[in-house]
Amino acid sequence: MNVASMLATSIHTVVAVLWVGGIFLAYRVLRPAAMELQPPQRLSLWVGVFSRFFPWVWAFIVLLVISGYWDWSVRFGDYERAPLYLHAMQLIGWLMIFLFAWLYFVPFAKFKGLVADSQFPEAGKLMNDKMRPVIAINLSLGVLEAVIGVSGPFWGI
């Protein structure tokens, strides 16, 4: 592995850990703790958390795409020569990006407006019915990506 590949892989790994770690923190740590708050405070907290985290996620996405394809091109040159595990990671990664983009532009945009208008029951329903499942799916996909990234080189295909 050359220096360019090591740099690309390092950037890719750190950024992936930050994105998935942030999802884990929000979903498994902050969410249960926030349940102790009343709906207006809890939902306002989530607007603040997401408004701060989501710009980071956009930056993570840019860095993941650039570092992933940079490493791919340095190590394998073209699409056909890359091993199966990288194709799987690419597919899952793009799925995560599309799910996040939908989350950001559709339910989160509406969620912010509902909270700003003090429509807390509607905001809570939107969060539970639309946002939370996507966050859970992306957390699961992110963990799967990590497993594939670590074990894939040993698959032999």
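**Group meeting: helix packing and the core**

Okay, let's start with a crossing: α2 passes α4 in a left-handed way, meaning that the near helix is turned anticlockwise from the far one by less than a right angle (clockwise would be right-handed). Helices here are DSSP runs of H or I with at least four residues, numbered from the N terminus.

Before I go on, this is a predicted model, where local features need pLDDT of at least 70, side-chain atom pairs count only at pLDDT 80 or more, and totals for chains, interfaces and linings use all residues. Residues are numbered from 1 along each chain as its sequence is written, and side-chain values use heavy atoms, with hydrogens and water left out.

Back to that pair. The α2 and α4 axes come within 11 Å and cross at roughly 45°. That makes α2 oblique to α4. Axes are lines fitted to C-alpha atoms, for helices over the stretch in contact, with angles from 0 to 180 degrees between N-to-C directions. Under 35 degrees counts as roughly parallel, over 145 as roughly antiparallel, 65 to 115 as roughly perpendicular, and the rest as oblique.

Who touches whom? On the α2 side we have Pro39, Pro40, Leu43, Ser44, Trp46 and Phe50, and α4 brings Phe120, Ala123, Gly124, Met127, Met131 and Ile135; contact means heavy atoms within 4.5 Å. By class, that contact has ten nonpolar residues, two polar and no charged. Ala, Val, Leu, Ile, Met, Phe, Trp, Tyr, Cys and Pro count as nonpolar, Asp, Glu, Lys and Arg as charged, and the others, Gly among them, as polar.

Next pair: how do α1 and α2 cross? Their axes come within 8 Å, at roughly 160°, so the two are roughly antiparallel to each other. This crossing is left-handed, and the contact has 23 nonpolar, six polar and four charged residues.

Now the largest nonpolar core, which has 44 residues; Trp19, Phe50, Phe54 and Phe111 have the most contacts inside it. Such a core is a set of buried Ala, Val, Leu, Ile, Met, Phe, Trp, Tyr and Cys residues joined through side-chain atoms within 4.5 Å. α1 (3-34), α2 (39-76), α3 (84-116) and α4 (120-151) each give two or more residues to this core, and α3 gives the most, with 13.

Take Phe111: leaving aside neighbours within four places in sequence, its contacts include Leu43, Trp46 and Met127.

Beyond its neighbours within four places in sequence, Asn138 contacts Trp19, Ile23, Met96, Leu99 and Phe100.

Notes: Buried means under 20% relative accessible area, exposed over 50%, partly exposed in between (1.4 Å probe, protein chains only).
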